[in-house]
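Please load the model in your viewer and keep the selection panel open. The stops below follow one another as a list of things to pick.

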Amino acid sequence: MSGQLSHELEVNVPASEAWELYGKLGLAKLLVEEGSIVEKIEVIEGDGGIGSILKKTYAPVQREKFTKYDNEKRMKELEVMEGGLDLGLTLFCVCFEIIEKDNDSCMIKSTIEYDIKEEAVANTSYVTIDLVAKIAEIAKNFLIKNKATRNAE
């Protein structure tokens with residue numbers, strides 16, 4: 001069985017600024033600094049672009065590989081390689097997109113795609129959008145704060 005969940009959050013900053021944060025390793029660094037979601041992130045390979053592998057320490061450890069990266073479309077996708085798949089999931093991907101609305105605002109779109117073994121379908125209730133929604137909210141707060149700081153200078 002396959003499924004998909006999406007979350008969108010409007011941010012009143014230019015899409016280029018949001019993509020600077022999401023595009024490479026900026027978001028990973030922010031999440032470690034913020035501290036409520038991720039305890040530690042180790043870059044196993046790469047710079048945050050396609051093929052990069054990160055080891056994230058939440059409560060359980062999770063390894064992720066960036067499988068798609070498009071700077072022009074402001075989109076990147078990661079696939080969970082290890083950790084979090086013990087619920088019968090055979091695939092768990094997260095796609096982040098920064099969608100320009102106008103010169104001063106954008107949308108952070110986060111999409112989860114997953115495949116789960118038929119015998120584990122009861123576990124689909126554990127697959128939620130909550131974590132990526134919280135990540136988008138942290139990113140939004142950071143971007144708005146930076147914009148306000150720049151405007152005050």
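## Stop 1

Select Thr 67, which lies in strand S4. Helices (H or I, at least four residues) and strands (E, at least two) are DSSP runs, numbered from the N terminus. This is a predicted model, in which local features need pLDDT of at least 70 and side-chain atom pairs count only at pLDDT 80 or more, while totals for chains, interfaces and linings use all residues. Residues are numbered from 1 along each chain as its sequence is written, and side-chain values use heavy atoms, with hydrogens and water left out.

Thr 67 counts as partly exposed, at 26% relative accessibility. The classes are buried under 20% relative accessible area, exposed over 50% and partly exposed in between, with a 1.4 Å probe and protein chains only. Now show what Thr 67 touches: Ile 50, Glu 77, Leu 78 and Glu 79, leaving out residues up to four places away in sequence. Contact here means heavy atoms within 4.5 Å. Then draw a C-alpha to C-alpha distance from Thr 67 to Cys 95; the two are 9.7 Å apart in space and 28 residues apart in sequence.

## Stop 2: Met 81 and the Arg 63–Glu 82 pair

Move to Met 81 in strand S5. With 36% relative accessibility, Met 81 counts as partly exposed. Which residues does Met 81 touch, not counting residues up to four places away in sequence? They are Ile 53, Arg 63, Glu 64 and Lys 65. A C-alpha distance from Met 81 to Leu 54 reads 9.8 Å, for a separation of 27 residues along the chain.

A salt bridge is a side-chain nitrogen of Lys or Arg within 4 Å of a carboxyl oxygen of Asp or Glu. By this rule the count comes to 6 salt bridges. Arg 63 is partly exposed, at 24% relative accessible area, and Glu 82 is partly exposed as well, at 43%.

## Stop 3: Lys 24 and Asp 47

Another salt bridge is found by selecting Lys 24 and Asp 47, whose side chains meet at 3.5 Å, N to O. The pair links distant parts of the chain, 23 residues apart: Lys 24 is in the loop between H1 and helix H2 (26–34), and Asp 47 is in the loop between strand S2 (40–45) and strand S3 (53–57). Lys 24 has a relative accessible area of 35% and is partly exposed; Asp 47 is partly exposed at 46%.

## Stop 4: H1 against H3

Select helix H1 (residues 15–23) and helix H3 (residues 130–152), whose axes come within 11 Å and cross at roughly 125°. That makes H1 oblique to H3. Axes are lines fitted to C-alpha atoms, for helices over the stretch in contact, and angles run from 0 to 180 degrees between N-to-C directions. Angles under 35 degrees count as roughly parallel, over 145 as roughly antiparallel, 65 to 115 as roughly perpendicular and the rest as oblique.

Show side chains at this contact: Glu 17, Ala 18, Leu 21 and Tyr 22 of H1 meet Ile 135, Ala 136, Ala 139, Phe 142, Leu 143 and Arg 150 of H3.

Within this set, pick Arg 150 and Glu 17, which form a salt bridge with the closest N and O atoms 2.6 Å apart. Arg 150 in helix H3 and Glu 17 in helix H1 are 133 residues apart, and the pair links distant parts of the chain. Arg 150 is partly exposed at 39% relative accessible area, and Glu 17 is partly exposed at 22%.

Next, colour the buried residues of H1: Ala 15, Ala 18, Trp 19, Leu 21, Tyr 22 and Gly 23. Their cover includes H2, S4, S5, strand S6 (89–102), strand S7 (105–116) and H3.

## Stop 5: H2 against H3

Finally, select H2 with H3, which pack at an angle of about 90° with their axes 11 Å apart. The two helices are therefore roughly perpendicular to each other. Leu 27, Leu 30, Leu 31 and Glu 34 in H2 meet Ile 135, Ile 138, Ala 139 and Phe 142 in H3.
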